[in-house]
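Reader: I should like to learn how to read a structural model, feature by feature. Could you take me through one?

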Amino acid sequence: MTMTPGLRKFVLTAHVTCSVGWLGAVVAYFLLTVFATIILLLHMPTVSYFAGVAAETDSVSLGGLRGELLHAGGGLRVLLVATTLAVYKPRGMTRYGWRKQYEERPLSQP
């Protein structure tokens with residue numbers, strides 16, 4: 001079965017996301033854990049506040065958690081955009097590449 005170029009790029013993006021995601025998780029586990037621990041400690045006042053509100057009342061307004069959800073969604077979006085940009089590259093050489101190639105050429109002598 002032959003895939004169209006668009007479907008092929010989509011499948012390739014999914015494949016790279018899964019493959020690199022697993023390898024990256026294994027390689028960078030201890031660094032991600034340290035980073036996540038720091039973020040958790042910085043968000044502890046918010047978590048403690050909502051825990052106190054939940055202990056004192058029967059219902060809790062979750063409006064204050066909107067920022068926490070936006071942070072998580074933003075992080076996921078950044079990872080997906082980076083993966084997509086790594087697969088969907090423009091065709092041909094960029095202006096930077098052309099300039100570097102031109103600069104590296106030896107000057108022809110008459």
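**Fold and confidence**

Author: Read along the sequence, the protein follows the pattern α-α-α-α. The secondary structure comes to four helices and zero strands; helices (H or I, at least four residues) and strands (E, at least two) are DSSP runs, numbered from the N terminus. This is a predicted model, in which local features need pLDDT of at least 70 and side-chain atom pairs count only at pLDDT 80 or more, while totals for chains, interfaces and linings use all residues. Residues are numbered from 1 along each chain as its sequence is written, and side-chain values use heavy atoms, with hydrogens and water left out.

Reader: What is the mean pLDDT of the protein, and which helix has the lowest value?

Author: pLDDT is the predictor's confidence in each residue, from 0 to 100. Where it is low, the predicted coordinates should not be read in detail. Here the mean is 75, and 75% of the residues reach 70 or more.

Reader: How many of the residues count as buried?

Author: Buried means under 20% relative accessible area, exposed over 50%, and partly exposed in between (1.4 Å probe, protein chains only). Of the 110 residues, 5% count as buried.

Reader: Is Thr13 buried or exposed?

Author: Thr13 lies in helix 1 and is buried, because its relative accessible area is 10%. Leaving aside neighbours within four places in sequence, Thr13 is in contact (heavy atoms within 4.5 Å) with Thr83, Thr84, Val87 and Tyr88.

Reader: Which residues make the nonpolar surface patch?

Author: Patches are made of residues with over 30% relative accessible area and no salt bridge; like charges are joined within 9 Å, and nonpolar side chains (Val, Leu, Ile, Met, Phe, Trp, Tyr) within 5 Å. Met1, Met3, Leu7, Phe10, Val11 and Tyr88 make a nonpolar patch of about 660 Å². Met3 lies in the segment before helix 1 (5-27) and, at 38% relative accessibility, counts as partly exposed.

Reader: How many salt bridges does a search of the whole structure find?

Author: A salt bridge is a side-chain nitrogen of Lys or Arg within 4 Å of a carboxyl oxygen of Asp or Glu. The search finds one. The side chains of Glu103 and Lys100 meet in a salt bridge at 3.8 Å, N to O. Because Glu103 and Lys100 are three residues apart in helix 4, about one helical turn separates them. Lys100 counts as partly exposed, at 34% relative accessibility.

Definitions and conventions
Accessible areas come from the Shrake-Rupley method with a 1.4 Å probe; for residues, only the protein chains shown count as cover.
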